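Hi,

Here is the structure I promised to pass on.

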Amino acid sequence: SAIISVAESLLNIDFETRSEAVEAAKNLVALNDDWMNFVDEQSERISDLGDAYIRDGNISDIVSASANEILERSYKLKVEQKIILSEDKTPIELAYKYYNDDFRNDPDGTLEYLIRTNKFTDDNFFIIPRGTEVKIYV
């Protein structure tokens, strides 16, 4: 039931990027695989049928359906591109250049997104030095 709950809750997450969605789907499948491997290992050790684990094939079906739904939705999400700065830039310059429409509608939110997705620290709030790799989502 825990795996089913995870599968269902992942369907309610609004992933921002394709890579986040793909990673979540892969982790869900891996969780189910780990559980199935555990059940197989434990089943080999059981001598009393009263202690037997019962594998429910519906769990794998739910996991597969959820992972497929997440992957299908991921095609509509932004894809990560990396750029290396050829000169020093401010976060505002980057936000304006690469997220122009978003920046015009919500400059603060766009700057927050750029800072969060690149994990910029205090040193990068004012100037991002030349040679820095910056993730842009398009």
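Arginine 73 and glutamate 69 sit four residues apart in helix 3 (residues 57-74), so about one helical turn separates them. Helices here are DSSP runs of H or I with at least four residues, strands are E runs of at least two, and both are numbered from the N terminus. The two side chains meet in a salt bridge, 3.0 Å from N to O. By that term I mean a side-chain nitrogen of Lys or Arg within 4 Å of a carboxyl oxygen of Asp or Glu.

Before you go further: this is a predicted model, in which local features need pLDDT of at least 70 and side-chain atom pairs count only at pLDDT 80 or more, while totals for chains, interfaces and linings use all residues. Residues are numbered from 1 along each chain as its sequence is written, and side-chain values use heavy atoms, with hydrogens and water left out.

Back to that pair: arginine 73 is partly exposed at 37% relative accessibility, and glutamate 69 is partly exposed too, at 31%. (Buried means under 20% relative accessible area, exposed means over 50%, and partly exposed is in between, with a 1.4 Å probe and protein chains only.)

How many salt bridges does a search of the whole structure find? It finds eight. Another one joins lysine 78 to aspartate 102, with the closest N and O atoms 3.8 Å apart. Lysine 78 is in the loop between helix 3 and strand 1 (80-84) and aspartate 102 is in helix 5 (residues 100-105), so this pair ties together parts that are 24 residues apart in sequence. Lysine 78 is partly exposed at 30%, as is aspartate 102 at 37%.

Then there is glutamate 80 with lysine 82, again a salt bridge, whose closest N and O atoms are 3.8 Å apart. Glu80, Lys82 and Glu133 are linked in a network of salt bridges. Glutamate 80 has 30% relative accessibility and lysine 82 has 49%, which makes it partly exposed.

**The largest pocket**

About 150 Å³ of space lies in the largest pocket. Its lining is made up of Glu16, Thr17, Ser19, Glu20, Arg116, Thr117, Lys119, Lys135 and Tyr137. Helix 2 (18-45), helix 6 (107-118) and strand 2 (133-137) are the elements that give two or more residues to this lining. (A pocket is an open set of points on a 1 Å grid over the protein atoms alone, where a 1.4 Å probe fits, with protein on both sides within 12 Å along at least five of seven lines; lining residues have an atom within 4 Å of a point. The volume is the space filled by probe spheres set on the points, which are joined across faces, edges and corners.)

**The loop between helix 6 and strand 2**

One of the lining residues, Lys119, is in this loop. Its phi is near 55°, a positive value in a residue other than glycine, and lysine 119 is exposed at 67%.

Is phenylalanine 120 buried or exposed? Phenylalanine 120, found in the loop between helix 6 and strand 2, is buried, with a relative accessible area of 9%. Phenylalanine 125 lies in that loop as well, but is partly exposed at 36%.

That's what I have so far. Happy browsing!
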